[in-house]
Amino acid sequence: MPDVIERELTIGNRLGLHARASARLVQVLAGYRSNATLIAKGREVNAKSIMGVMLLAAGPGTSVLLRVDGVDETAAAAAVADLFERKFDEDA
């Protein structure tokens with residue numbers, strides 16, 4: 001099993017990690033068994049917890065570090081990176 005995967009991601013949607021975007025992130029990660037952590041602004045939270053993700057209060061343009069560890073970490077990290085690239089499917 002590979003080591004922990006870390007990816008630097010930037011929040012590109014207009015509203016940042018508000019409720020809907022946080023829910024989408026948690027929903028994407030729910031399909032994976034790996035542990036996922038988001039780190040931003042000196043805080044580290046469980047990326048599978050909607051309350052944790054919202055506690056980051058990460059606005060547009062914020063840089064976050066995604067850390068994924070587990071049996072399907074590669075696929076989980078790719079899915080999250082894709083969601084960030086798609087701006088959480090919110091902005092046209």
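Contact here means heavy atoms within 4.5 Å, and helices (H or I, at least four residues) and strands (E, at least two) are DSSP runs numbered from the N terminus. With those terms in hand, what covers the buried residues of helix H3 includes strand S1 (5-10), helix H1 (19-30) and strand S4 (63-69). The model is a predicted one, in which local features need pLDDT of at least 70 and side-chain atom pairs count only at pLDDT 80 or more, while totals for chains, interfaces and linings use all residues. Residues are numbered from 1 along each chain as its sequence is written, and side-chain values use heavy atoms, with hydrogens and water left out.

**Helix H3**

- Helix H3 covers residues 73-85, and because its 13 residues at 1.5 Å a residue should span 18 Å, the 18 Å between its end C-alpha atoms agrees; the expected span is 1.5 Å times one less than the number of residues.
- Glu73, Ala76, Ala77, Ala79, Val80, Ala81, Leu83 and Phe84 of H3 are buried, where buried means under 20% relative accessible area, exposed over 50% and partly exposed in between (1.4 Å probe, protein chains only).
- Just after H3, Lys87 takes a positive phi of about 55°.

**Ser34, in a loop**

- Ser34 is placed in the loop between H1 and strand S2 (35-40), and Ser34 counts as buried because its relative accessibility is 1%.
- The side chain of Ser34 reaches the backbone nitrogen of Glu73 at 3.0 Å, a polar contact being a pair of N or O atoms within 3.5 Å in which, within protein, one must be able to donate a hydrogen and the other to accept it, and residues adjacent in sequence count only if both atoms are side-chain atoms.
- Not counting residues up to four places away in sequence, Ser34 touches Lys48, Val68, Asp69, Gly70, Val71, Asp72 and Glu73.

**Arg24, in helix H1**

- Arg24 is found in helix H1 and is partly exposed, with a relative accessible area of 23%.
- A polar contact of 3.2 Å joins the side chains of Arg24 and Gln27, and, leaving aside neighbours within four places in sequence, Arg24 is in contact with Leu83, Arg86, Phe88 and Asp89.
- Although Arg24 and Ile50 are 26 residues apart in sequence, their C-alpha atoms are 9.1 Å apart in space.

**Met51, in helix H2**

- Met51 lies in helix H2 (residues 50-55), and Met51 counts as exposed because its relative accessibility is 58%.
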